[in-house]
Amino acid sequence: MRLLLDTHVLLWAAGEPEKLSKTARSLLVDESNVLFFSSASIWEIVIKRGLGRDDFKVDPLRLRKMLVTNGYTEISVTSDHALAVDGLPLLHKDPFDRILLAQARSEGFSLVTSDEQLMKYGEGIISASADTQSGCGT
């Protein structure tokens, strides 16, 4: 399976895996799955870290290097992805989450997320929230 991880899932996988569901942790270690991260997630971390958000204190350069070193593949945002956002119902207003969903759908990936608003889009969304966690609401 080809999996695109949303920004919080990337952060949790890197530093707080206990926040991920058992299912999500299993998917991330299953060598038959191909793991992707988006350049939009790195951009989101840079912006929200600059705004002083406590949940974005990670060094984005270090995170990117770690992801690549651990076999994740980076996917860039293209104009096709941007145009695909136009076809999404407005169930979620966060532009970062909307572009991640558009990328996943355009590329035929499943999106792994903890965001309850994103989960409302249905097909192709995999919940990463541990039983005690709620959506991150970014």
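**Strands and core**

Modeller: Bearing in mind that this is a predicted model, β1 and β2 run parallel and are joined by three bridges.

Biologist: Which residue is the bridge partner of leucine 3 in β2?

Modeller: Leucine 3 is partnered by leucine 35 of β2. β2 also pairs with strand β3, residues 73-75, in the parallel sense over three bridges, and there phenylalanine 37 stands opposite glutamate 74.

Biologist: How many of the five residues of β2 are buried?

Modeller: Four of the five are buried, so β2 is mostly covered. Serine 38, which is placed in β2, has a relative accessible area of 0% and is therefore buried.

Biologist: What does serine 38 contact, leaving aside neighbours within four places in sequence?

Modeller: With those neighbours left aside, serine 38 is in contact with Leu4, Ile75, Val77, Leu100 and Gln103.

Biologist: Changing topic, which residues have the most contacts inside the largest nonpolar core?

Modeller: That core has 21 residues, and those with the most contacts inside it are Leu3, Leu5, Leu20, Tyr72 and Val112. The elements giving it two or more residues include β1 (2-5), α1 (7-15) and β2 (34-38), and α1 gives the most, with four residues.

Biologist: And what does leucine 5 touch?

Modeller: Not counting residues up to four places away in sequence, leucine 5 touches Leu10, Leu28, Leu35, Phe36, Ser41, Tyr72 and Val112. There is also a second, separate core of 15 residues, which includes Leu4, Ala40, Leu88 and Ala104.

Conventions: Residues are numbered from 1 along each chain as its sequence is written. This is a predicted model: local features need pLDDT of at least 70, side-chain atom pairs count only at pLDDT 80 or more; totals for chains, interfaces and linings use all residues. Side-chain values use heavy atoms; hydrogens and water are left out. A nonpolar core is a set of buried Ala, Val, Leu, Ile, Met, Phe, Trp, Tyr and Cys residues joined through side-chain atoms within 4.5 Å. Buried means under 20% relative accessible area, exposed over 50%, partly exposed in between (1.4 Å probe, protein chains only). Contact means heavy atoms within 4.5 Å. Two strands pair if DSSP finds at least two bridges between them.
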